[in-house]
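Thanks for asking me to look this one over. Here are my notes, as numbered points you can follow with the model open beside you.

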Amino acid sequence: MSGMKTAILLAALSGLVILAGGAIDGQRGLVLAFGVALVMNVGSYWFSDKIVLRLYRATEVGAGHPLYQTTHRLAQKAGLPMPKVYVIPDASPNAFATGRDPNHAAVAATEGIMRLLSPAELDGVIAHELAHVKHRDILISTVAATLAAAIMMLARMAQFAAFFGGSRSDDREGSNPLAVLAMIILAPVAAMLIQMAISRQREFAADRGGAEIVGSPMGLATALRRIDSAVKQIPMDANPATAHMFIMKPFSGRGLMGLFSSHPPTEDRVKALMDLQRGI
């Protein structure tokens with residue numbers, strides 16, 4: 001079900017790109033914006049592990065480290081190649097997975113999360129991250145980011161053209177001013193909403209996948225509650241561009257701002273895990 005919802009959201013994002021491209025200059029604007037966005041995000045996808053691990057000063061650990069042993073045991077249960085394992089020198093409890101595919105994956109956890117959680121809770125967190133690897137969520141998020149970036153660029157192009165009085169040079173009718181205005185104002189907001197919805201769907205899917213790897217959702221459910229409480233007291237100085245990668249965003253918005261959050265509310269994630277426990 002989560003995979004179907006993600007596919008529908010990606011299709012909606014793709015359709016928005018096409019509509020936005022047609023609103024300003026047909027194929028030319030669409031191809032240019034999509035090409036630039038693709039180059040930017042493919043580079044990010046290919047080198048994401050190196051970039052983000054360096055950003056958070058992560059240190060690789062070997063077979064003698066407890067985090068490595070936990071990850072190795074759970075990777076075997078998940079049927080995954082052994083990822084590289086890193087520790088982040090930060091007191092805030094958090095973790096993430098990265099890498100372009102299961103054969104080039106890395107799992108990283110902060111010192112804070114290893115001090116905070118029990119072994120069963122840490123199992124739930126690491127299994128969640130391995131589920132991201134198994135589902136190739138880095139690829140999915142890169143596709144979504146590429147489409148959203150193309151829409152942002154098209155909106156900028158339309159804004160620039162409107163400001164300088166640009167128009168089509170061929171003999172076709174000019175762009176509909178209302179369509180262009182809607183594209184400038186509404187398309188970027190819609191793209192961000194869809195991209196964040198995709199991210200939230202992948203978090204729910206990784207929660208479920210992590211519970212399946214461990215064999216129970218209870219460890220992850222209690223871990224999420226403890227992390228949610230702790231990050232409010234010890235926030236992590238995370239780069240906004242990478243915040244979606246972590247198991248929990250430190251200060252996800254509520255109400256209207258929750259629509260723009262890359263993570264579902266913790267209470268919704270825990271409820272979904274409890275429903276899974278009850279077999280609902």
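**Notes on the fold and its helix contacts**

1. Let's start with the overall make-up. The protein has nine helices and four strands, where helices (H or I, at least four residues) and strands (E, at least two) are DSSP runs numbered from the N terminus. Along the sequence, these elements follow the order α-α-β-α-β-β-β-α-α-α-α-α-α.

2. A word on provenance. This is a predicted model, in which local features need pLDDT of at least 70 and side-chain atom pairs count only at pLDDT 80 or more, while totals for chains, interfaces and linings use all residues. Residues are numbered from 1 along each chain as its sequence is written, and side-chain values use heavy atoms, with hydrogens and water left out.

3. Now for burial and surface. Of the protein's 280 residues, 49% count as buried; buried means under 20% relative accessible area, exposed means over 50%, and partly exposed lies in between (1.4 Å probe, protein chains only). The accessible surface is about 13800 Å², and carbon and sulfur atoms account for 63% of that. These areas come from the Shrake-Rupley method with a 1.4 Å probe, and for residues only the protein chains shown count as cover.

4. How far along the chain do the contacts reach? Taking contacts between residues at least 6 apart in sequence, 73% join residues at least 24 apart. Contact here means heavy atoms within 4.5 Å.

5. Helix H3 (residues 66–78) packs against helix H5 (residues 119–134) at an angle of about 50°, and their axes are 10 Å apart. Axes are lines fitted to C-alpha atoms, for helices over the stretch in contact, and angles run from 0 to 180 degrees between N-to-C directions. The angle makes H3 oblique to H5, given that under 35 degrees counts as roughly parallel, over 145 as roughly antiparallel, 65 to 115 as roughly perpendicular and the rest as oblique.

6. Staying with that pair, H3 passes H5 in a right-handed crossing. A crossing is right-handed if the near helix is turned clockwise from the far one by less than a right angle, and left-handed if anticlockwise. From H3, the contact includes Leu67, Leu74 and Ala78, and from H5 it includes Ile126, Ala127 and Leu130. By class, the residues of this contact are seven nonpolar, two polar and three charged. For these classes, Ala, Val, Leu, Ile, Met, Phe, Trp, Tyr, Cys and Pro count as nonpolar, Asp, Glu, Lys and Arg as charged, and the others, Gly among them, as polar.

7. H5 also meets H8. The axes of H5 and helix H8 (residues 218–233) come within 7 Å and cross at roughly 95°, which makes H5 roughly perpendicular to H8. Ala120, Glu121, Gly124, Val125 and His128 of H5 face Gly219, Leu220, Thr222, Ala223, Arg226 and Ile227 of H8 in this contact. The residues involved divide into five nonpolar, four polar and two charged.

8. H8 has a further partner in helix H9 (residues 266–277): the two pack at about 165°, with axes 9 Å apart. H8 is therefore roughly antiparallel to H9, and their crossing is left-handed. Among the residues in contact are Leu220 and Leu224 of H8, with Val270 and Leu273 of H9. This contact has seven nonpolar, two polar and three charged residues.

9. Have a look at valine 214, which is found in helix H7 (residues 177–214). Valine 214 is partly exposed, at 25% relative accessible area. Leaving out residues up to four places away in sequence, valine 214 touches Leu74, Lys77, Asp123, Gly124 and Ala127.

10. Is threonine 146 buried or exposed? Threonine 146, in helix H6 (residues 137–163), counts as buried because its relative accessibility is 5%.

11. Finally, two backbone angles to check. Most residues other than glycine have a negative phi. Arginine 57, however, has a positive phi near 55°; arginine 57 lies in the loop between helix H2 (26–55) and strand E1 (59–60) and is exposed at 56% relative accessibility. Arginine 136 also has a positive phi, of about 55°, and is found in the loop between H5 and H6. Arginine 136 is partly exposed, with a relative accessible area of 43%.
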